[in-house]
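Colleague: I would like to learn how to read a fold from its coordinates. Can we go through one together?

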Amino acid sequence: MGLMRRIPPKQSETALSALLSLLPQHSSDLLSQVDQPLQVLCDAECGKEFILCEYNRDADSYRSPWSSTYHPPLEDGSHPSPELRKLEIEANDIFAIYRDQYYEGGISSVYMWEAENEGFVACFLIKKDGSKSGHGRRGYLQEGAWDAIHVIEVGQEEEIAHYSLTSTVMLSLTTNDESSGTFNLSGSIRRQMNMDLPVSEGHLCNMGRMIEEMESKLRNSLDQVYFGKTKEMVCTLRPLDELVQMKLPDS
C-alpha cells in the first residue's frame, strides 16, 4: 500500500496488475483498497455515461446508476433495495447539478448499497477530463484528469446519524506549449472525516455538505502541496532575477 501511494495515478493500473501477479493471495485486499483512475462507460438504454469502479461492479459487469442495469448484462447482479434505489436516483440528479456548478462539466455517478450494520453506504464519483479534447470547457491542458471518489458510511440511531467519509482525489496534468514547454504533474491525496448530524434535513443534505467541505480542503491541500512546492522548486532552481538577465539584450 505504501508503494501504491507513491505511484503516479497514470501508472497505477500497470503497477496494480504487476502486484496482483506477484501477490495473488492479497488480490481481494488490493482491489478493494487501491484506488485507480476512473473509467467511463455509456448506458445505451438511456444514452448517458456512467463511471466504473469497484462499488458498482459485480463479477465482470458494472451497474449503471441511471437505469440500474448491468453492462454487460448480468442476471443475478446485486441491486439496492427499492427505498435505497429511490434515494440513489435523487442523489444522482442532485450531484449532477453540483458537478456542473463546481467542475463546469465532467461525469458523475452515485451508487448506494446496504451495509451490514443496518445502515447504508454511498459512493459519490466525479471524473473531469480537462484536456483540449475532453469535457473541459476551457481545455488549456494537453492532458488533464481529476478523479474524485467519496465513500460515506451512514449509521443511524434514532434522530442522529453517524457519517464516516473517506475521500480520494487523483490529479494528473500535462502541458505542452511554447511558453511552458512540456510539464507533467500527477499525484493523489486521501482524507477522512467523521460527523454526527441530525437526519431532520435528510441524508443527502448532510452528505452533500460533508463532500463540499472535504473537496474544498482537498483542493487547498493539492494547491499547497503540488503546485506550491513545484513553484517553490522552480523558483529556487531558476531564480526570477536570473531569468530577467537572460532575457535582457547584451550591453
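Colleague: Are Phe95 and Phe124 buried or exposed?

Modeller: Phe95 is buried, and Phe124 is too. Buried means under 20% relative accessible area, exposed over 50%, partly exposed in between (1.4 Å probe, protein chains only). Some ground rules: this is a predicted model, where local features need pLDDT of at least 70, side-chain atom pairs count only at pLDDT 80 or more, and totals for chains, interfaces and linings use all residues. Residues are numbered from 1 along each chain as its sequence is written, and side-chain values use heavy atoms, leaving out hydrogens and water.

Colleague: How do Phe95 and Phe124 pair?

Modeller: A pair of aromatic rings is described by the distance of the centres and the angle of the planes. Rings of Phe, Tyr and Trp (its six-membered ring) pair if their centres lie within 6.5 Å; planes under 30 degrees apart count as stacked, over 60 as edge-to-face and the rest as tilted. Phe95 and Phe124 are edge-to-face, 5.1 Å centre to centre, with 70° between the planes. Phe95 lies in helix α4 and Phe124 in strand β7, 29 residues apart. Helices (H or I, at least four residues) and strands (E, at least two) are DSSP runs, numbered from the N terminus. Ring pairs join Phe95, Tyr98, Tyr102 and Phe124 into a cluster.

Colleague: In what order do the strands of the open sheet run?

Modeller: Strands of a sheet pair through backbone hydrogen bonds, either parallel or antiparallel. Here 5 strands run β6-β7-β8-β9-β10, with antiparallel pairing. Two strands pair if DSSP finds at least two bridges between them. β6 (107-114) and β10 (181-198) are at the edges with a single partner strand each, so one side of each has no neighbour in the sheet.
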